[in-house]
Amino acid sequence: MATRSLSDLALEVARGMNLLRPGEDLDQGQAASINDKARQIHARLVDKQAAYWPVDAIPEAVFMVVAEMVIFEVAPHFGALPVVLQSFGYPNKLAAWESGLKQLRIHCEKEFNHEREPIIEY
């Protein structure tokens, strides 16, 4: 399964909040803030049984969902929450979080069932 790193996530989050212009890199302070919040969110997701992967190996299939969840959590820190909510079409941060959580649980359920399906030989 293809995965993406925490560095990839920080870049995607910064792009999602329009913090970067084409060709710009994320500064260390911004990256540290985003990565700290991403680790906290990962721990919450694992606790809620909505994540099974290591924090630095996000499955490609759910990478954008995780990125959006991190965006909504860090946007207030960067003063971007109203703009981000509007651009993603959510009325508030809770609605955004619940949507992401639902998508991640569906993914986890599929992964769990896929790994556990019996192999039928003919």
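**Before starting**

Residues are numbered from 1 along each chain as its sequence is written. Because this is a predicted model, local features need pLDDT of at least 70, side-chain atom pairs count only at pLDDT 80 or more, totals for chains, interfaces and linings use all residues, and side-chain values use heavy atoms, with hydrogens and water left out.

**The whole chain**

Display the entire chain as a cartoon. Its C-alpha trace spans about 55 × 30 × 25 Å along the principal axes. The chain holds 5 helices and 2 strands, where helices (H or I, at least four residues) and strands (E, at least two) are DSSP runs, numbered from the N terminus. Read from the N terminus, the order of elements is β-α-α-β-α-α-α.

Next, colour by pLDDT, the predictor's confidence in each residue, from 0 to 100. The chain average is 89, and 91% of the residues score at least 70. Select residues 116-122: the pLDDT there is below 50, and beyond near neighbours in sequence this stretch has 0 contacts in the model. Contact means heavy atoms within 4.5 Å.

Of the 122 residues in the chain, 39% are buried. Buried means under 20% relative accessible area, exposed over 50%, and partly exposed in between (1.4 Å probe, protein chains only). Among contacts between residues at least 6 apart in sequence, 71% join residues at least 24 apart.

**The nonpolar core**

Select Leu9, Val13, Leu45, Val70 and Leu104, and show their side chains. In the largest nonpolar core, which has 37 residues, these touch the most other members. A nonpolar core is a set of buried Ala, Val, Leu, Ile, Met, Phe, Trp, Tyr and Cys residues joined through side-chain atoms within 4.5 Å. Two or more residues of this core come from each of α1 (6-16), α2 (28-47), α3 (63-74), α4 (81-88) and α5 (93-116). Helix α3 gives the largest share, 9 residues.

Centre the view on Val70. Leaving aside neighbours within four places in sequence, valine 70 is in contact with Leu9, Val13, Ile34, Ala38 and Ile41.

**Two loop residues with positive phi**

Most residues other than glycine have a negative phi. Select asparagine 18, in the loop between α1 and α2; its phi is near 55 degrees, a positive value. Asparagine 18 counts as exposed, at 66% relative accessibility. Then move to glutamine 49, in the loop between α2 and β2 (58-59). Glutamine 49 has a positive phi of about 55 degrees although it is not a glycine, and at 66% relative accessibility it counts as exposed.

**Isoleucine 58**

Select isoleucine 58 in strand β2. Isoleucine 58 counts as buried, at 2% relative accessibility. Not counting residues up to four places away in sequence, isoleucine 58 touches Ala2, Thr3, Arg4, Ser5, Leu9, Trp53, Phe63 and Val66.

Select glutamine 30 in helix α2. Glutamine 30 is buried, with a relative accessible area of 19%. Apart from neighbours within four places in sequence, its contacts are Leu19 and Phe78.

Glutamate 73, in helix α3, is also a stop: glutamate 73 is buried, with a relative accessible area of 13%. Beyond neighbours within four places in sequence, glutamate 73 is in contact with Lys37, Ile41, Arg44, Lys93 and Trp97.

Finish at tryptophan 97 in helix α5, which is buried, with a relative accessible area of 11%. Draw a distance from tryptophan 97 to leucine 45: the two are 52 residues apart in sequence and 11 Å apart in space, C-alpha to C-alpha.
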